[in-house]
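Q: I have a structure to go through before setting up some calculations. Could you take me through it step by step?
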Amino acid sequence: MGVLLGLDVGDVRIGVAVSDVLGSGAHPLCTLTRTNRQRDIIAIGDLVSIHEVERIVIGLPISLDGTIGTQAEKVQKFGNRLSKGLQVPVEFQDERFTTSDAEDIMDQLEMNPKDRKKVIDQISAMIILDEYLRDNSDE
């Protein structure tokens, strides 16, 4: 499957996770603070080059009723621009409940509030990527 990059794209930050070479698991990598679209794409492109990424998986914030809202449309537009700008395939993964799952992980780790804010986007990206890997493990 190769190395995959998972992204949790927000208006202010982008959480980033990366898979191992075998595509058997993901781990948090970093959090990017958004500046503008071009710089965001360059920063992600740097990560794609460093980690020799074959595919990017972006969490899609689908509404609980399964509809695509305004935020999901913004994420899709960003993903499409990212794919064109970096010439790397981009796929979307339903990210419903990833924030609450990330909170549960941080509760289990007994992280303090200051540390949580630094890593919640990375952990969400890791969950998104792990779910994608699980859903696509037979490929």
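Q: Let us begin with E52: buried or exposed?
A: In this predicted model, E52 counts as exposed because its relative accessible area is 65%.

Q: Where is E52 placed?
A: E52 belongs to the loop that lies between α1 and β4.

Q: And what is phi of E52?
A: Phi of E52 is near 50 degrees, which is a positive value in a residue other than glycine.

Q: What about phi of Q87?
A: For Q87, phi is near 55 degrees, a positive value in a residue other than glycine. Q87 sits in the loop between α2 and β5. Q87 counts as exposed because its relative accessibility is 67%.

Q: Changing topic: how many helices and strands are there?
A: The secondary structure of the chain consists of four helices and five strands. Along the sequence, the pattern is β-β-β-α-β-α-β-α-α.

Q: In what order do the strands form the sheet?
A: The five strands make an open sheet in the order β3-β2-β1-β4-β5, with mixed pairing. Its edge strands are β3 (26-33) and β5 (90-94), each of which pairs on one side only. On average, neighbouring strands of this sheet are turned by 25 degrees against each other, direction ignored.

Q: Which helix touches β3?
A: Helix α1 (residues 37-51) packs on the sheet and touches β1, β2, β3 and β4 (53-60). The direction of α1 makes about 150 degrees with that of β3.

Q: And where does α2 lie?
A: Helix α2 (residues 70-86) lies across β1, β2, β4 and β5. Relative to β4, helix α2 runs at about 170 degrees.

Q: How many bridges join β1 to β2?
A: Strand β1 (residues 3-9) is joined to strand β2 (residues 13-19) by five bridges, and the two run antiparallel. The hairpin that joins β1 to β2 passes through three residues.

Q: Why is β2 described as largely enclosed?
A: Strand β2 is largely enclosed by the rest of the structure because six of its seven residues are buried.

Q: Now Q122: which helix is it in?
A: Q122 is part of helix α4 (residues 113-135).

Q: Is the residue Q122 buried or exposed?
A: Q122 counts as buried, because its relative accessibility is 12% and the limit for buried is under 20%.

Q: Which residues does Q122 touch?
A: Leaving aside residues up to four places away in sequence, Q122 touches G15, V16, A17, P28, L29, C30 and T31. With T31 there is a polar contact between the two side chains, at 3.1 Å.

Q: Turning to rings, how many aromatic pairs are there?
A: The structure holds zero aromatic pairs. As for a charge over a ring, R34 lies over the face of F78, at 4.7 Å from the ring centre.

Q: Lastly, what share of the chain is buried?
A: Of the 139 residues in the chain, 44% are buried. Among contacts in the chain with a separation of 6 or more, residues 24 or more positions apart account for 61%.

Notes:
Residues numbered from 1 in each chain as written. Predicted model: local features only at pLDDT ≥ 70, side-chain atom pairs only at ≥ 80, totals over all residues. Heavy atoms only, no water. Pairing = 2+ DSSP bridges. Axes fitted to C-alpha atoms, helices over the stretch in contact; angles between N-to-C directions. Contact = heavy atoms within 4.5 Å. Buried < 20%, exposed > 50% of the residue type's maximum accessible area, 1.4 Å probe, protein only. Polar contact = N/O pair within 3.5 Å; in protein donor to acceptor, adjacent residues only side chain to side chain. Phe/Tyr/Trp six-rings, centres within 6.5 Å; stacked < 30°, edge-to-face > 60°. Lys NZ or Arg CZ within 6 Å of the ring centre and 35° of its normal.
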